[in-house]
Amino acid sequence: MIRTSTLTAIFLVLAGATGAQEPVTLTLDQAVALATENNPDYRAARNDVGVADWRVRSAYADFIPSASVGGGLSYQGGGSARIGGFTSGDIGLGETPSYYYSSFNASVGLTLSGSKVYEIGRQRASRRAVLANLDVAAQTLEANVTRQYLAVLRSEDAVDLAVAELERAEANLALAEARQAVESATSIEVKQAEVERGRAEVGLLQARTALDNQRTRLSQLLGVELDGDVTLTSDVAVFEPAWELRTLIETALASQPELEAARATRQSAESGVGMARSAYWPSLSISTGLSGYTRRVGDDEYLIEQAYSSILSQRRQCAQLNEIYTRLDPPIDPVNCFAQYQLTPEMQDQILAQNRQFPFDFTTEPVSVSLSVSVPIFQGLNRQAQLESAHAAADDARLRVRAEELRIRADVETAYRNLRSAYRSVQLEERNRELADDQLRLARERYRVGAASFLELMEAEALKARADREYLLGVYTFQESLTTLEAAVGHDLATPDN
């Protein structure tokens with residue numbers, strides 16, 4: 001419903017901006033919906049909900065094992081390598097070839113502690129506080145839009161009063177001029193009438209300027225540009241407050257968003273006490289990992305030469321053994337060293353094939369699994385200090401809830417009394433306006449027939465203007481008091497029209 005009214009209101013505003021001939025109207029509900037969608041401050045507050053949602057998910061995700069996968073590539077150029085205080089040439093290795101290395105690793109781990117258990121409750125309570133604060137922001141925005149909407153209506157009525165005062169001033173001037181023409185009034189009375197008309201013109205100018213300023217403030221709250229032809233159509237009704245004070249207080253204590261935010265903050269602080277106490281609990285950690293590696297020599301000829309050197313070394317050892325075998329008694333038949341130790345093409349192909357495992361043909365290392373339990377014994381007095389701080393924060397949160405309950409109770413009682421007083425004031429001001437209207441008609445008629453002075457007419461005119469303004473002030477004071485009472489209760493109150 002809010003979305004529909006918002007789109008309708010935006011369409012109407014834009015239609016007025018493009019010069020549509022149809023009259024463009026804006027109700028109070030549409031104004032509130034426009035502000036909900038476009039007010040920058042409220043939209044910024046709405047962003048906090050997404051952050052709170054992800055913090056709750058993150059608290060639950062702490063009970064899911066963490067996993068990571070990594071890998072790497074490296075290169076080492078050929079040359080003379082240093083081994084301790086010697087080079088490869090000093091120990092007969094000569095120049096080393098270039099090498100290519102690749103490796104991977106994968107690990108899974110999980111750590112369990114008491115703080116993670118309480119973190120879920122703390123983040124859920126924090127999320128409720130964020131949602132309650134968002135309701136507070138929405139309620140505050142609605143109240144501000146309502147007050148500003150009423151301010152525009154009041155300024156429009158003030159313009160109407162100024163127009164009526166100007167018309168009466170012009171009528172009085174015409175009456176004074178008519179009496180001067182028949183020599184029943186002096187020029188001083190005409191001058192006084194002209195001064196009163198000038199004052200009425202100034203009043204009308206100021207009223208119109210105030211109306212433009214109030215419309216600008218309303219546009220600021222709505223977050224959109226309101227066309228000057230937009231007409232505010234919501235009615236301003238005055239009715240006798242028929243609610244029971246006790247019921248209003250009970251409703252406010254059960255559903256006021258600010259109180260709900262304070263209660264959620266208290267729950268979050270109580271979870272903080274559990275987190276601080278869990279510092280005395282043991283923690284459990286379990287992890288496992290898998291890794292592998294591979295290597296490639298940059299020069300294939302180097303591998304063949306190394307293999308051939310190994311064959312030559314084996315032949316020399318074989319020849320030495322044959323020499324020993326021939327001197328034994330009885331002698332042992334010698335071995336054909338050349339035939340037994342050869343670097344065949346198949347062996348060369350196998351050596352080269354093993355060198356082509358880079359970069360993804362890994363040699364896997366053994367799997368490792370570890371389990372550890374940590375039991376805190378003594379870690380200074382930091383844990384006790386944190387626990388005492390958490391207790392103090394929780395107690396402060398409980399006291400804030402109590403203070404909030406007392407404030408809401410006082411706000412509801414005060415707003416309700418002000419509303420009833422405003423209703424009674426409207427009734428009195430309405431009677432005063434009727435009396436002032438009768439007095440003005442009588443004074444004008446008496447001045448017309450010469451039975452009263454122009455000063456008496458001006459006094460009646462001033463009394464009429466004051467009565468009209470006081471009645472207008474009373475009507476809008478009643479509406480502002482109603483808005484204040486609804487904000488104190490926490491939601492809109494059903495009026496007799498509803």
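## Working through the helices and cores

In this predicted model, α11 passes α12 in a left-handed crossing.

**Exercise 1.** Work out how α11 and α12 are oriented: roughly parallel or roughly antiparallel?

*Solution.* Start by finding the two helices: α11 covers residues 382-448 and α12 covers residues 454-489. Next, look at the geometry: they pack at an angle of about 160°, and their axes are 7 Å apart. Now apply the cut-off: angles over 145 degrees count as roughly antiparallel. So α11 and α12 are roughly antiparallel to each other. Finally, check what lines the contact of α11 with α12: 24 nonpolar, seven polar and twelve charged residues.

**Exercise 2.** Decide whether R168 is buried or exposed, and find which residues R168 touches.

*Solution.* Then take its relative accessibility, 15%. Buried means under 20%, so R168 counts as buried. Last, list the contacts, skipping residues up to four places away in sequence: L440, R444, E461, K464, A465 and D468.

**Exercise 3.** Explore the largest nonpolar core: which of its residues touch the most other members?

*Solution.* The core has 33 residues, and the ones to pick out are L26, A31, V145, L153, L218, L222 and L232. Now see who contributes: α2 (28-38), α3 (40-61), α4, α5 (187-222) and α12 each give two or more residues. The largest share, twelve residues, comes from α4. Zoom in on L222: leaving out residues up to four places away in sequence, L222 touches L26, A31, L34, A35, N38, N39 and V145. There's also a second, separate core of 25 residues, including F239, A262, Y471 and A488.

Conventions:
Residues are numbered from 1 along each chain as its sequence is written. This is a predicted model: local features need pLDDT of at least 70, side-chain atom pairs count only at pLDDT 80 or more; totals for chains, interfaces and linings use all residues. Side-chain values use heavy atoms; hydrogens and water are left out. Axes are lines fitted to C-alpha atoms, for helices over the stretch in contact, and angles run from 0 to 180 degrees between N-to-C directions. Helices (H or I, at least four residues) and strands (E, at least two) are DSSP runs, numbered from the N terminus. Angles under 35 degrees count as roughly parallel, over 145 as roughly antiparallel, 65 to 115 as roughly perpendicular and the rest as oblique. A crossing is left-handed if the near helix is turned anticlockwise from the far one by less than a right angle, and right-handed if clockwise. Ala, Val, Leu, Ile, Met, Phe, Trp, Tyr, Cys and Pro count as nonpolar, Asp, Glu, Lys and Arg as charged, and the others, Gly among them, as polar. Buried means under 20% relative accessible area, exposed over 50%, partly exposed in between (1.4 Å probe, protein chains only). Contact means heavy atoms within 4.5 Å. A nonpolar core is a set of buried Ala, Val, Leu, Ile, Met, Phe, Trp, Tyr and Cys residues joined through side-chain atoms within 4.5 Å.
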